[in-house]
Amino acid sequence: MVTKRPVLVGVVVASALALAACGGARSEGTATASGGAQKYTIKFSHVVAPSAPKGKAALKFKELAESKSGGRLEVQVFSNSELYGDKDEFQALQSNSAQMLAPSTAKFTTVAPEVQVLDLPFLFDKPEDIAKIAAPETKVGKAIFDNQKLAAKNMKPLGLWDAGLKHLSSNKPMKSPADLAGLKMRIQPSDVLKVQFQTWKANPTPMAFSEVYNAMQQGVVDGGENPWSNIESQKMHTVQKHITESGHGYLGYILVINNTFYNGLPDDLKKVVTDAAKESGDYNRQVAEEVNQESKKKIQAAGTTTIYTPTDAERKALKDAVVPAVWNQFKDLIGAEIIDELLKAQAS
Ligand code: LMR
């Protein structure tokens, strides 16, 4: 849908001067000299629209980092997979072609599979529960912020950002697990999501986010799952006749920075980055639900899609089909202790 554009950073010559001036301490080619003060450029790549909760938070991060650093940090934000998409963004981060990303937890499946804990279906009943269950001091939070596999891959987590709760969309009404049987549903490449849809007897099809609209339009897939903001900003509702407001799963992001790049920053700029990440994360959580509700209204106004809100009994039937069945299958991968604790919290 969106073409990849080459990016001109335009700092190569200046960065060579800067490296000479600072004794060659840096080698990433993102530092430049301007009036004597060393400048650093962060390329922040993501796959959603600038208007989505992640897109807004990325722009807030840029605003805060640039102003707090007095212009010594420049943040270039690339949205809608225009620089890197799902298939190449981790590679770009590791090669330092991009310095920051905010992929969904599902997309860390091969990098750090434990973070899929946040993809477990029906982990949250309402958006307000997210901050409590995933706070950094909780077991779930530790699976993200103290994750050794992320560290081993040279990624430093800076925050957890929300998109919100996902809803089901397709061209068929979906009220019960039986309605999902046989539907070809696009998923993010995550084992948890694969098993979730298989347990509902649907056919999960992993696909990059930038390909979803076309796949729905051409009938390559019947449907998918996403929060209102992604459905609306990618115009998926124009090619999906039905949305069930199931709120059956969470979509959230781990904000990560290339650790070598981060460690090469002077201490005061490291603090600017972590402070801006914290504040943009707070902002993200404040606006995510509001953005989702605005998107829902736009979808209603477009009149292309029937929105169905399941009754409590219908939502329970969808949930009972996958909890604890799906959760139990990931005890080895995610950790039996975390799963048991989360199941206990569900029961209480
Ligand atoms: C998806 O692929 O559906 C989402 O992860 C996109 C995103 O980053 O919100």
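Predicted model: local features only at pLDDT ≥ 70, side-chain atom pairs only at ≥ 80, totals over all residues.
I started at the ligand: its shell splits into five nonpolar, four polar and one charged residue (nonpolar means Ala, Val, Leu, Ile, Met, Phe, Trp, Tyr, Cys and Pro; charged means Asp, Glu, Lys and Arg; the others, Gly among them, are polar). I listed the residues around the ligand as Val47, Val48, Lys54, Ser104, Ala163, Gln188, Phe209, Asn226, Asn230 and Leu251, where near means a C-beta atom, placed from the backbone, within 6 Å of the molecule.

Residues are numbered from 1 along each chain as its sequence is written.

Next I looked at the whole chain. I found 16 helices and ten strands (DSSP runs numbered from the N terminus, helices being H or I of at least four residues and strands E of at least two). Of the 348 residues, 47% are buried (20 or more other C-beta atoms within 10 Å of a residue's own; 12 or fewer is exposed, in between is partly exposed, and C-beta atoms are placed from the backbone).

Then the core. The largest nonpolar core holds 89 residues, and Phe61, Ile254 and Val256 touch the most other members (a core is a set of buried Ala, Val, Leu, Ile, Met, Phe, Trp, Tyr and Cys residues joined through C-beta atoms within 7 Å). Strand β9 (residues 242-258) gives the largest share, eight residues.

I checked Leu150 in helix α6 (residues 148-152). Leu150 counts as buried because it has 21 C-beta neighbours inside 10 Å. Leaving out residues up to four places away in sequence, Leu150 touches Ala112, Met155, Pro157 and Val256 (contact: C-beta atoms, placed from the backbone, within 7 Å).

On to helix α12 (residues 267-302). Its 36 residues should span 52 Å at 1.5 Å a residue, and I get 49 Å between the end C-alpha atoms, which agrees (expected span: 1.5 Å times one less than the number of residues). I also see a bend of about 35° at Val287 (angle between axes fitted to the seven residues ending there and the seven starting there).

Most residues other than glycine have a negative phi, and most peptide bonds are trans. I noted positive phi at Asn80, near 50°, and at Ser81, near 60°. The Val323 to Pro324 bond is cis, omega near 10°.

Terms used: Contact = placed C-beta atoms within 7 Å.
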